[in-house]
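I opened the notebook to write down what I looked up, in the order in which I looked.

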Amino acid sequence: MFDILTLNKIAACGLDQLDSTKYTITDDATKDADGIILRSFAMHDMELPASLKAVARAGAGTNNI
């Protein structure tokens, strides 16, 4: 089971694409996430957990990652 942190409001139709038997979606930034999904969020000062494997941006562009 992988924990996916959402840093912004992500549309349910997008999150529904993740298999609920493999992924847990959370907005609790205190958990050690395996992945992060965001739209627009200032991550510059954010401490990233050692467990982090991927960061994905929902929507167009990747210039904020």
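My entries below go from the whole chain to single residues.

**Ground rules.** I am reading a predicted model, in which local features need pLDDT of at least 70 and side-chain atom pairs count only at pLDDT 80 or more, while totals for chains, interfaces and linings use all residues. Residues are numbered from 1 along each chain as its sequence is written, and side-chain values use heavy atoms, with hydrogens and water left out.

**Confidence.** I looked up pLDDT, the predictor's confidence in each residue from 0 to 100, and found that it averages 88 over the protein, with 92% of the residues scoring at least 70.

**Overall build.** I counted one helix and four strands, taken as DSSP runs (helices H or I, at least four residues; strands E, at least two) numbered from the N terminus. From the N terminus on, the order of these elements is β-α-β-β-β. The radius of gyration, taken over C-alpha atoms, is 11 Å, close to the 11 Å from the globule rule (2.2 Å times the number of residues to the power 0.38) for 65 residues, so the protein is as compact as a globular protein of that length.

**Burial and core.** Of the 65 residues, 25% are buried, where buried means under 20% relative accessible area, exposed over 50% and partly exposed in between, with a 1.4 Å probe and protein chains only. The largest nonpolar core has six residues, Leu-5, Leu-7, Ala-33, Ile-36, Leu-38 and Met-43; such a core is a set of buried Ala, Val, Leu, Ile, Met, Phe, Trp, Tyr and Cys residues joined through side-chain atoms within 4.5 Å.

**The salt bridge.** Which side chains meet in a salt bridge? I found that Asp-34 and Lys-53 do, at 3.0 Å from N to O, the term meaning a side-chain nitrogen of Lys or Arg within 4 Å of a carboxyl oxygen of Asp or Glu. Asp-34 lies in the loop between strand S2 (23-26) and strand S3 (35-38) and Lys-53 in the loop between S3 and strand S4 (54-57), so the pair ties together parts that are 19 residues apart in sequence. Asp-34 is buried at a relative accessible area of 13%, whereas Lys-53 is exposed at 59%. Leaving aside neighbours within four places in sequence, I noted that Asp-34 is in contact (heavy atoms within 4.5 Å) with residues including Met-1, Phe-2 and Asp-3.
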